[in-house]
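User: Hi! I am new to protein structures and would like to learn how to read one. Could you go through it with me?

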Amino acid sequence: MDIPGLGTAFILQVRRDLQLAFRHVGQLANPLMFFIMVTTLFPLALNPMPRLLEAIAPGVLWVAALLASLLAAEGLFRQDVDDGTMEQLALSPQPLALMLLAKTVAHWLITGLPLVIMSPVVGYALFLPRDAVPTTMIALALATPILNLVGGSMAALTVGLRRGGGLLSLLILPIVMPVLIFGARATDMAMTGVDPAGALYLLAALLLLAVSLTPFAMAAAMRISLD
Amino acid sequence: MWTWFHKLGSPPHFYRIATRLTPWFGWAALLLIVAGVYGGLYVAPTDYQQLDGFRIIYVHVPSASLSLFIYVNMALAAAAGLIWRIKLAHAIAAACAPIGASFTFLALATGSIWAKPMWGTWWVWDARLTSELVLLFLYFGFMALRAAIDDENRADRASALLAIIGVINVPIIKYSVDWWNTLHQPATISKLGKPSMDSDMLIWLLIMLAGFMCYFVAVVLTRAKAEVLQRARDQKWVRQALEGK
Amino acid sequence: MENTSREDSKAPLLEAHDLELWRGDRRLFEGISLAVHESELLHITGPNGCGKTSLLRVLCGLTLPETGKVIWKGRQVARSRADYHSEMCYVGHRESLKADLSAYENLGFDLGLRRDAGTEVIRSALEEVGLTRAADVPSRSLSAGQKRRVSIARCLASKARLWVLDEPYTNLDVAGREFVDEMMTRHLQNDGLVLLVAHQSHGVAGHTVRQMEMA
């Protein structure tokens, strides 16, 4: 029997996840709202002095993006496992790694990309210098997929657990620490007028590594969770 | 080679070998550590800059090296368990985690005790200390995941996968933290455990390291024995082994 | 009921050898071997908690057995997962339907991963299970029986040789049960294979039915 090609299956999965996401437009914006709200907390908690906010802006922006992706990771596979469609996916002739990668791509389009797009606004509110905005957007565009991919692997590991509460964060955070370091540094470098290319290259390298390894980790983790 | 491998992988065989080896490593650890402590505290010359404060490295450096060494070992054992489906390897990985976490904690604690007189604060965002802290988080994640899964078989496989992901990340974390540190900290702060060391200081450090290593082997064997017993608690050889004593 | 002499001449399509599975520190089963031939139904029965569902999941390739192997057409399933899964359709406890999507959309996706087929295949499969009008409403509004029919339609449309059905009668009325029986009978007539886990006795008659009792 002819099995449809990998590309067809990949696109089919991305399309279906987007279709499903748009049936609940309200939930779509949750991570984005979270991102914006967390960044709002800092001026309120500290002091709305432009000099101070400008100094902490890279850190706030990146920590908020990290937390938003953490929040989103929880729901990446939960529904599919609960309603049994994940079983069917695992029993389809398509490689599970590819399908989960497709799901993560769709997830990034829904939760990661809006962060990238909104970051100039948030940056403006935090008095981030305008020169640093393009760099920050590029860095976020490179970093958010890594966060989603790592988050996806860990979500696949913990998806079947009833006592999974804060576990997911405990698993994800140490692994994505380098992303935070390189990303925040890229913004910082652009602010101080240093060429941020080095940090961006490092992020790109991490992204390549994540794209090539995490799908297999996700698939292996998912098979363990479905077992 | 393979038959040997498989024989070692069988729990009763492992139990016998481990029971025989543990006392040797235990006593070796005791002797080496006593010798190392004596040598490090009394024989080794005083550092001309740090005076006697440097002597804490005799605990700090071996614990720091072991913390990483144990993590790598744990990941290797976990990978072997995952690939060849050896339960014993999973048991060893599970046994490694708390020991590794303890050494990591010890490295952090001694590091901050050392930092107080040297830098004037208990905690400094030094690259090594920070990496060590992240390593501690990795250990916690491993143990928390194991604790969260009821089914032993699944816990073994899930935590093994996590350990492998973690060990791939360790060099990345290390590199990123070093990179972050060089950007932020002026190079005036001398690092802990300088590479340029007198040979009469170094020898005691190596003895301590060997002692810690033996201690680790003794403890991991004991813990793995307990794991193996617990996993095979309804099997005949366990009763025989316990009654035979 | 059993008549194996006729089948001996043919090699079985699905075989399992010496399967053993543990859950926690409990051994669910050991030493299970079975063989299913063309147009044969294997009905697995046994008391609650004896591991029927787990056995099915092992046979599907969802659960890794402690020991033993599953063989499809002479090849070990673990080594040729894609081939096996393209010829197998699993109906589990959950219906595997996205509540927000219609039956038609759901099957369109599932089928899209399995074989290159036009939309008519899905339409005709849904028609065959008697869901013409309900095919385009979100599946959250379907009844349990209708959802089961969608699952059966998935098996029909994917042209799976092997049907693996885990308690397909649950939540069904008499008409629904008869429908499942009819579908299975027709599948067997088309040289298909059925692995069935059910408390109840099924209504498929004939010499191609075998029963396996798990303790």
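This is a predicted model: local features need pLDDT of at least 70, side-chain atom pairs count only at pLDDT 80 or more; totals for chains, interfaces and linings use all residues.

User: How many residue pairs are in polar contact across the interface of chain B and chain A?

Analyst: Across the interface of chain B and chain A, one residue pair in polar contact is found, with both residues at pLDDT 80 or more. On the chain B side, helix 5 (127–148) and helix 6 (152–184) each supply at least two residues. Helix 6 of chain B gives the most to the side that touches chain A, with 18 residues. By class, that side of chain B divides into 21 nonpolar, five polar and three charged residues.

User: Which side chains meet in a salt bridge between chain B and chain A?

Analyst: The side chains of B:Arg157 and A:Asp227 do, at 2.0 Å from N to O. One salt bridge is found across the interface of chain B and chain A.

User: How do I read the size of an interface, and what area do chain B and chain A bury between them?

Analyst: Here is the general idea. The size of an interface is often given as the accessible area lost when the parts come together. In this model, chain B and chain A bury about 2,500 Å² between them, and carbon and sulfur atoms account for 78% of it. In terms of residues, the contact takes 29 from chain B and 28 from chain A.

User: Now for the other interface: what area is buried between chain C and chain A?

Analyst: About 3,000 Å² is buried between chain C and chain A, with 55% of it from carbon and sulfur atoms. Three residues, C:Lys98, C:Phe109 and C:Leu113, supply 25% of the area that chain C buries against chain A, more than any other three residues. This contact takes 31 residues from chain C and 31 residues from chain A.

User: How many salt bridges are found across the interface of chain C and chain A?

Analyst: Six salt bridges are found there. In one salt bridge, the side chain of C:Lys98 meets that of A:Asp83 at 2.8 Å, N to O. The interface of chain C and chain A also has 16 residue pairs in polar contact, both residues of each being at pLDDT 80 or more. The elements giving two or more residues to the chain C side are helix 1 (52–60), helix 2 (81–86), strand 6 (88–91) and helix 3 (103–114) of chain C. Helix 3 of chain C gives the most to that side, with six residues. The classes on the side of chain C that touches chain A are 10 nonpolar, seven polar and 14 charged residues.

User: Where do C:Arg94 and A:Glu87 lie?

Analyst: These two side chains meet in a salt bridge of 2.8 Å, N to O. C:Arg94 lies in the loop between strand 6 and helix 3 of chain C, and A:Glu87 lies in helix 6 (residues 85–90) of chain A, so the pair joins two chains. Over all chains, the structure holds 28 salt bridges.

User: How do I read a sheet, and in what order do the four strands of the open sheet in chain C come?

Analyst: In chain C the order is 2-1-4-5, and the pairing is antiparallel. Strand 2 (26–36) and strand 5 (75–76) of chain C stand at the edges with a single partner strand each, so one side of each has no neighbour in the sheet. Strand 1 (residues 14–23) of chain C is joined to strand 2 of chain C by seven bridges. C:Leu21 stands opposite C:Phe29, which is in strand 2 of chain C.

User: How many aromatic pairs does the structure hold over all chains?

Analyst: There are 10 aromatic pairs over all chains. The rings of B:Phe103 and B:Tyr215 have centres 6.2 Å apart and planes at 90°, so this pair is edge-to-face. The pair links distant parts of the chain, with B:Phe103 in helix 4 (residues 87–119) and B:Tyr215 in helix 7 (residues 199–231) of chain B, 112 residues apart.

Key
Residues are numbered from 1 along each chain as its sequence is written. Chains are lettered from A and ligands numbered from 1 in the order in which they are written. Side-chain values use heavy atoms; hydrogens and water are left out. Contact means heavy atoms within 4.5 Å. Buried area is the accessible area (1.4 Å probe) that two parts lose on being put together, summed over both. A salt bridge is a side-chain nitrogen of Lys or Arg within 4 Å of a carboxyl oxygen of Asp or Glu. A polar contact is a pair of N or O atoms within 3.5 Å; within protein, one must be able to donate a hydrogen and the other to accept it, and residues adjacent in sequence count only if both atoms are side-chain atoms. Ala, Val, Leu, Ile, Met, Phe, Trp, Tyr, Cys and Pro count as nonpolar, Asp, Glu, Lys and Arg as charged, and the others, Gly among them, as polar. Two strands pair if DSSP finds at least two bridges between them. Rings of Phe, Tyr and Trp (its six-membered ring) pair if their centres lie within 6.5 Å; planes under 30 degrees apart count as stacked, over 60 as edge-to-face and the rest as tilted.
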